[in-house]
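Please study the sequence and the structure shown below. The paragraphs that follow lead through them step by step.

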Amino acid sequence: MNTDDWTAFGAIVAAVGVVVSAVMAYWTTRKAAAAAADSADTAREVAQIERDRWHRELTPELTFNLIRVGSNRLRLTTTLAGPVGLDHLDTITLTVRDEAGRDHSARPHYDEAMRTELPSVIWGPARFSPGVDEVAAPGRQSIIRSLERGNFVHRQMDNSEPPSWFQDPGDWVDGYWEAKLRLHAVCEVEGHRPWIVVAEVATPGVEYISDGSDEMEVPEQYR
């Protein structure tokens, strides 16, 4: 090979070397970018797992106590007992849940009036007193605002009302004699996702006077 041939060959080798280097640089950059993306995804997943864990650990510890203060009146006490790290709640939205295991949706034999009334029926022992603490009828929901850890708040409740088609109100009372008040609480604090707490609260019953009348009396322990 003469000088020109060697010169041309060298140029080709150099060009190939440049191409190979470019390809290697490209794949190195792609691998680095993919590794960085994987690392970022992993970091986000770990951070989300940690946030979820922290959120669970801060789940409000709510305690509920229900006492009877009259033949038709009860008082629900809600206490924020913990946990450590959760100093207060901005709002607690309490909702009375219907009894479990029963379907109270409209039946085929319900007439239009019954279907209209059905959404307002609370299938359980108690409801929040409509008109008290901004509670709207039928008394299914009450909102507590700004409760600090270690503090409590009262909410007035009444015996639940049977639907108009119930022929004997006594059957309604008997049906929920030992039933627990079922509550659903949505707890909110700015900067956090809401927490949901569900609870079942023992209900102090009412008794019928032994002479068989429809009048109710308060059990002795609540007088």
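Predicted model: local features only at pLDDT ≥ 70, side-chain atom pairs only at ≥ 80, totals over all residues.

Which residue in E7 stands opposite leucine 94? Leucine 94 has alanine 185 as the residue opposite in that strand. The strands concerned are E3 (residues 88–97) and E7 (residues 181–188), which run antiparallel and are joined by 7 bridges.

Residues are numbered from 1 along each chain as its sequence is written, and side-chain values use heavy atoms, with hydrogens and water left out.

The protein chain contains 3 helices and 10 strands; helices (H or I, at least four residues) and strands (E, at least two) are DSSP runs numbered from the N terminus. Read from the N terminus, the order of elements is α-β-β-β-α-β-β-β-α-β-β-β-β. The chain has 223 residues, and 30% of them count as buried, where buried means under 20% relative accessible area, exposed over 50%, and partly exposed in between (1.4 Å probe, protein chains only). The accessible surface is about 14000 Å², with 54% belonging to carbon and sulfur atoms; such areas come from the Shrake-Rupley method with a 1.4 Å probe, and for residues only the protein chains shown count as cover. Among contacts between residues at least 6 apart in sequence, 66% join residues at least 24 apart, a contact being heavy atoms within 4.5 Å.

The strands E3 and E7 belong to an open sheet of 4 strands, in the order E5-E3-E7-E8 with antiparallel pairing. Two strands pair if DSSP finds at least two bridges between them. Strand E5 (141–148) and strand E8 (195–201) are at the edges with a single partner strand each, so one side of each has no neighbour in the sheet. From one strand to the next, the twist averages 25°; the axes are lines fitted to C-alpha atoms, for helices over the stretch in contact, and angles run from 0 to 180 degrees between N-to-C directions.

Phenylalanine 128 lies 53 residues from arginine 75 in sequence, while their C-alpha atoms are 9.3 Å apart in space.

Beyond its neighbours within four places in sequence, leucine 76 is in contact with several residues, including Phe64, Leu94, Phe128, Met157 and Leu181.

Charged side chains complete the picture. Side chains of opposite charge can pair when their charged atoms come close. The structure holds 7 salt bridges, each a side-chain nitrogen of Lys or Arg within 4 Å of a carboxyl oxygen of Asp or Glu. One of them joins aspartate 98 to arginine 140, with the closest N and O atoms 3.1 Å apart. This pair links distant parts of the chain, 42 residues apart: aspartate 98 is in the loop between E3 and helix H2 (112–117), and arginine 140 is in the loop between E4 and E5. Aspartate 98 counts as partly exposed because its relative accessibility is 26%.

A further salt bridge forms between arginine 155 and aspartate 133 (3.8 Å, N to O). Arginine 155 is in strand E6 and aspartate 133 in the loop between E4 and E5, 22 residues apart. Arginine 155 is buried, with a relative accessible area of 11%, whereas aspartate 133 is partly exposed at 39%.
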